[in-house]
Amino acid sequence: MALRRCSMDLHIHTVLSPCAEVEMIPELIILQAQRSGLDMIAVCDHNAAENAGACITAACGSTVKVLAGIECESREGVHVLGIFDRAENALQLQDFIWSRLPAEPNRPEFFGAQMVVDASGEFIRFNDRMLAASADASVEELVQRIREADGLPLPAHVNKTHAGLLGVLGLMPEGLDVPAVEVFLPPGSDAQTLAKLRTTFSQLETLKCIRSSDAHRLEEIGQSRSFVWVESRSVGELELAFDGRLGRSLEELC
Ligand SMILES: [Zn+2]
Ligand SMILES: [Zn+2]
C-alpha cells in the first residue's frame with residue numbers, strides 16, 4: 001500500500017465535555033472536519049468517551065476517519081490524551097478513570113451540562129458525574145493504562161501552565177512512554193515558533209511535537225493540525241509515523 005499524507009486534528013471535544021458548545025454533536029463535527037480538509041480526527045472528552053462511538057458511526061461514508069479518545073486528568077492536574085482505534089478500548093480506559101474520579105455529581109449550572117448523544121446528535125441522557133476533575137492516578141499510571149488498553153498516550157498542550165505537563169510539572173518524568181506530545185502554538189505559528197518553544201522547554205528538543213485544535217466550538221476544528229505520512233489511518237500507523245519507522249513520518253510544522 002502506498003503512503004499518503006494525512007491531515008489530522010487529534011483533540012476535539014463533544015457535548016459530553018461540560019465546557020464544549022451544544023453544537024459539538026457527531027454529525028456536525030464530521031461535517032466541519034470534512035469541510036476543513038481533515039482526513040482524521042480524534043474525539044477526546046474530559047475523562048469520558050461515551051460519545052466516541054457515535055462520532056465513529058457518524059463518520060461512516062464520509063472522508064473522515066474518527067479515532068476514539070479521552071482527555072484524562074491526572075492527580076497532578078495534567079491532561080493526557082489517550083487515542084484508540086475502537087470506542088471499546090476508550091471505554092475500557094474510561095472505566096479505570098471513573099474508578100479513580102471523586103464520587104461527586106456534576107454541577108451543570110457552574111461547569112456546564114454533559115450530554116450523551118447519538119450519531120445524529122439526538123439527546124440520550126446527561127452524564128451526571130463530575131468529569132471536570134482529577135483522577136487519583138499519576139501521569140505515569142495514566143500513560144501505562146492507556147498503553148494497556150492498546151492506546152496511544154499523548155500529553156496534551158504540554159507547554160500550557162494550566163494542565164500542561166511541562167507547564168505544571170516543569171519537566172517530563174524520566175522514561176515516560178509517550179511517542180509524541182501535543183504543543184499549544186498560536187495560529188500563524190511557524191517552524192521558528194516551535195524552535196523557540198524548544199529553547200524554553202529543553203526537553204522538547206528530543207520529543208516529537210504535534211498540534212491539535214482542542215476544539216470546543218465547530219469553527220475551531222482543524223484550526224491547528226498536524227500532518228503524517230501513513231499507509232492507513234490507525235493508532236499503529238500513527239505510532240510508526242511518530243517514531244519515523246518503515247517510511248512513515250510526522251511533518252512537525254508546515
Ligand atoms: Zn486540556
Ligand atoms: Zn481538551
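How many bridges join strand E4 (residues 79-84) to E7, and do the two strands run parallel or antiparallel? The answer is 4 bridges, and the strands run antiparallel. This is a predicted model, in which local features need pLDDT of at least 70 and side-chain atom pairs count only at pLDDT 80 or more, while totals for chains, interfaces and linings use all residues. Residues are numbered from 1 along each chain as its sequence is written, and chains are lettered from A and ligands numbered from 1 in the order in which they are written.

**View 1. The sheet from E7 to E11.** Here are 7 strands in an open sheet, in the order E7-E4-E3-E2-E1-E10-E11, with mixed pairing. Strand E7 and strand E11 (249-251) are the edges: each has a single partner strand, so one side of each has no neighbour in the sheet. On average, neighbouring strands are turned by 30° against each other, direction ignored. (Strands are DSSP runs of at least two residues, E, and helices are DSSP runs of at least four, H or I, all numbered from the N terminus; two strands pair if DSSP finds at least two bridges between them. Axes are lines fitted to C-alpha atoms, for helices over the stretch in contact, and angles run from 0 to 180 degrees between N-to-C directions.)

**View 2. Strand E1 and its two partners.** Strand E1 (residues 4-12) pairs with strand E2 (residues 40-46) in the parallel sense, over 3 bridges. Look for Asp9 opposite Ile41 in E2, and for Met8 with its bridge partner Met40, also in E2. With strand E10 (residues 226-230), E1 runs antiparallel, joined by 5 bridges. There, Arg4 has Val230 as its bridge partner.

**View 3. Helix H3 and its buried face.** (The expected span is 1.5 Å times one less than the number of residues.) Buried in H3 are Ala87, Asn89, Ala90, Leu93, Gln94 and Ile97. Down the axis, these buried residues fall within an arc of 155°, so they line one face of the helix. (The arc is that of the directions from the helix axis to the C-beta atoms.) The face turned away from that side carries exposed Asp95 and Ser99. As for what the buried residues pack against, that's helix H2 (52-58), strand E3 (65-73), E4 and helix H5 (139-148). H3 lies across E3 and E4, at about 10° to E3. (Two residues are in contact if their C-beta atoms, placed from the backbone, lie within 7 Å.)

**View 4. Helix H5 on the sheet.** H5 lies across E3, E4 and E7, running at about 5° to E4. Its buried residues are Val139, Leu142, Val143, Arg145 and Ile146. They cover an arc of only 165° around the axis, which puts them on the same side of H5. Their cover includes E3, E4, H3, E7 and H6. Just past the helix, Asp150 takes a positive phi of about 65°.

**View 5. Inside the nonpolar core.** The largest nonpolar core has 75 residues, and Ile41, Val43, Cys55 and Ala68 touch the most other members. (Such a core is a set of buried Ala, Val, Leu, Ile, Met, Phe, Trp, Tyr and Cys residues joined through C-beta atoms within 7 Å.) Zoom in on Cys55: leaving out residues up to four places away in sequence, it touches Thr14, Pro26, Ile29, Val43 and Val66.

**View 6. Val116 and its surroundings.** Val116 is in strand E5 (residues 115-117). It has 16 C-beta neighbours inside 10 Å, so it counts as partly exposed. Val116 and Glu50 are 66 residues apart in sequence, yet 6.4 Å apart in space, C-alpha to C-alpha. Not counting residues up to four places away in sequence, Val116 touches Leu16, Glu50, Asn51, Ile124, Arg125 and Asn127.

Technical notes:
A residue is buried if 20 or more other C-beta atoms lie within 10 Å of its own, exposed if 12 or fewer, and partly exposed in between; C-beta atoms are placed from the backbone.
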